[in-house]
Amino acid sequence: MEASAIIDILKPLVPGVALEPGQSVDFATIYVPADRLVETCLVLRDAPALEFKVLAEVTAADYLPREPRYEVVYHLLSISKRLRLRLKVRVPGNGSLPTVQSVWRGAGWPEREVWDMFGIVFDNHGDLRRLLMPEDWEGHPQRKDYPVQIRKATQTYEPLEVSEEEFRANIERDRVKRAH
Amino acid sequence: MAELRTETMTVNMGPQHPSTHGVLRLVLELDGEVIQSVMPTIGYLHTGIEKTAEQKKWQQVIPLVERMDYLAAQSNSLAYALSVEKLLGLTMPQRVNDIRVLIAELQRLASHLIWLGTHAMEIGAVSMLFYAIRERELLLNINELIAGFRFFPSYIRIGGLREDLPRGFHETVNEFLDRFPTKMDEFERLLTKNDIFRRRTEGVGVVTLENAYQWGLLGPIARGAGSDYDVRKYFPYCGYETYDFVVPTATEGDVYARYRVRIAEMRQSINICRQAIKRISPTGVWACDDTRVVPPPKDKVYTEMEALIQHFLIYSQGFTVPAGDCYVPIEGPRGEHGCYIVSDGSNRPWRVKMRAPSFMAIQAIPSIVQGGLIADLVAVIGSSDVVMGDCDR
């Protein structure tokens with residue numbers, strides 16, 4: 001199905017949304033504005049003519065120095081209609097977009113990975129922590145302005161220090177616990 | 001009398017636990033033996049392959065992506081090669097497609113053998129691992145024969161294959177295909193009706209079809225829950241539509257259903273391999289005829305000036321790929337293995353992203369095992385067939 005055909009189905013169901021077909025060599029690509037993303041996704045999932053029940057993946061690409069800088073890419077799959085669709089959302093350098101976890105539960109980790117790698121914020125995500133990189137990592141490695149070869153100082157931790165008094169107090173507390 | 005302690009216990013499983021398939025860490029909250037919640041932590045095997053790929057030329061990425069899903073190396077490189085070829089607009093000769101199908105199916109067998117061995121071992125059938133690894137050894141020998149490398153052959157290249165098939169290839173593959181079905185019967189005699197195995201797997205870790213789709217689980221997990229989605233049938237590539245095979249499914253959605261689906265899949269793979277090896281002539285073309293991408297044959301490089309220049313250009317500057325983006329999915333052993341590439345029109349990829357089936361599977365594990373026993377968790381991880389290299393990339 002062509003991108004324009006999918007847009008024609010979507011137009012009456014998501015009134016007033018500015019959808020834009022994109023160039024592609026494999027399957028239809030549609031640009032969606034970030035503020036209408038969740039609405040559009042719900043229609044894509046539930047419309048009987050489309051039924052995009054599976055979100056295959058979420059990823060992004062950094063097109064520095066172009067502005068808006070990022071494109072977040074959603075690959076949708078409709079098994080019943082044998083159809084694939086690529087949704088793209090343009091996100092500026094400090095912008096954010098809503099999470100689609102309410103539409104597809106499996107979006108949680110891929111969105112977390114996109115935040116981890118690109119620093120693109122997903123509003124109302126609920127669990128936007130580091131996924132692949134260590135928790136104390138600085139920067140977002142997949143950005144184009146992130147240096148390729150860097151060295152990070154080895155992380156060291158203070159050895160655990162317990163004073164004599166604390167040590168005795170711990171032992172005493174354990175003994176009291178066991179006695180009860 | 002002292003009150004009964006009712007608080008839950010937090011247990012750290014992994015990242016170096018034998019049943020977590022590498023370096024997956026699970027923080028379990030337990031009430032006795034019952035799992036209250038699971039929090040998976042991944043990233044221990046993150047090697048930044050996608051970032052590294054952006055610094056390499058297009059053809060140099062093939063060995064890199066093979067190291068992502070290290071148990072199904074050639075399904076990574078096949079997905080990558082297919083998507084670059086799609087952007088370049090190349091079509092492959094029939095023989096190349098047939099060899100690729102054969103390699104992909106042998107790779108599926110090799111990957112499923114490791115799954116079978118480790119999954120059965122974790123459930124208690126330890127000897128299964130040795131039987132499975134022994135057969136996989138023969139498949140690694142085939143890899144060694146075609147490329148000289150057992151794990152990451154890099155035999156599939158952009159624009160075709162590395163070189164022609166070696167002498168004795170057909171005999172080796174046929175020998176394996178004749179031997180393997182009897183071994184499959186042996187495996188099934190050990191497990192399929194094994195009472196202990198069935199008690200550990202039946203009704204355990206049930207995934208409904210609705211949930212599988214919600215969590216983005218495709219491949220054997222979804223097919224064990226009643227889906228018939230297989231990329232080879234729905235979006236055929238490499239001429240899979242010309243092969244005669246069925247997609248095995250089950251409806252129960254439990255660990256045992258996934259086991260049956262994968263076992264049936266292996267038998268189908270043998271079937272496809274037999275058809276493919278009959279079609280492949282011992283010698284013939286091994287690449288398309290696009291001189292931008294495929295280096296000229298060595299004898300011409302030594303005798304013809306143009307060929308020497310072309311050879312030099314490909315290996316020094318590389319080739320350019322038209323600007324655009326493209327996603328090509330293939331049916332890997334673990335499910336839909338897709339490669340999303342973005343090109344800016346230069347000789348290096350702008351972005352390479354693999355859709356990792358293990359990544360989605362690990363994300364869904366907490367929802368599958370909640371309320372079950374720790375022993376079931378081991379069975380569920382085994383039946384999800386996760387590979388941490390695939391998950392963390």
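**Entry 1. Terms and model**

I count a residue as buried if 20 or more other C-beta atoms lie within 10 Å of its own, as exposed if 12 or fewer do, and as partly exposed in between, with C-beta atoms placed from the backbone. I take helices (H or I, at least four residues) and strands (E, at least two) as DSSP runs, numbered from the N terminus. The model is predicted: local features need pLDDT of at least 70, side-chain atom pairs count only at pLDDT 80 or more, and totals for chains, interfaces and linings use all residues. Residues are numbered from 1 along each chain as its sequence is written, while chains are lettered from A and ligands numbered from 1 in the order in which they are written.

The mean for chain A is 85, and 94% of its residues reach 70 or more.

**Entry 2. Strand β8 of chain B and its sheet**

I examined burial in β8(B) and found five of its five residues buried. Both faces are covered: B:Val352 and B:Met354 lie on one side, B:Arg351, B:Lys353 and B:Arg355 on the other, and all are buried.

I then traced the sheet, where two strands pair if DSSP finds at least two bridges between them. It is an open sheet of three strands with antiparallel pairing, in the order β6-β7-β8 (chain B). β6 and β8 of chain B are at the edges with a single partner strand each, so one side of each has no neighbour in the sheet. Neighbouring strands are turned by 15° against each other on average, direction ignored.

Nine bridges join β6(B) to β7(B), and B:Gly332 has B:Gly335 in β7(B) as its bridge partner. Helix α3(B) packs on this sheet and touches β6, β7 and β8 of chain B, its direction making about 145° with that of β6(B). β7(B) and β8(B) pair over five bridges, with B:Gly338 opposite B:Arg355 in β8(B).

**Entry 3. The sheet β1-β2-β3 of chain B**

I found another open sheet of three strands in chain B, in the order β1-β2-β3 and with antiparallel pairing. β1 (9–13) and β3 (34–41) of chain B are its edge strands, each with a single partner strand, so one side of each lacks a neighbour in the sheet. The twist from one strand to the next averages 20°. Strand β2 (residues 25–31) of chain B is joined to β3(B) by seven bridges, and B:Glu29 stands opposite B:Ser37 in β3(B).

**Entry 4. Helices α3 and α4 of chain B**

I recorded how α3(B) packs on helix α4 (residues 94–123) of chain B: the angle is about 145° and the axes are 8 Å apart. Axes are lines fitted to C-alpha atoms, for helices over the stretch in contact, and angles run from 0 to 180 degrees between N-to-C directions. Residues are in contact if their C-beta atoms, placed from the backbone, lie within 7 Å. On this basis B:Gln74, B:Ser75 and B:Leu78 in α3(B) meet B:Arg100, B:Ile103, B:Ala104 and B:Gln107 in α4(B).

**Entry 5. The side of chain B that touches chain A**

I noted that 33 residues of chain B are in contact with 27 residues of chain A. The elements giving two or more residues to this side of chain B include α3 (73–88), β6 (324–332), β7 (335–343) and β8 (351–355).

Methods
pLDDT is the predictor's confidence in each residue, from 0 to 100. Two residues are in contact if their C-beta atoms, placed from the backbone, lie within 7 Å.
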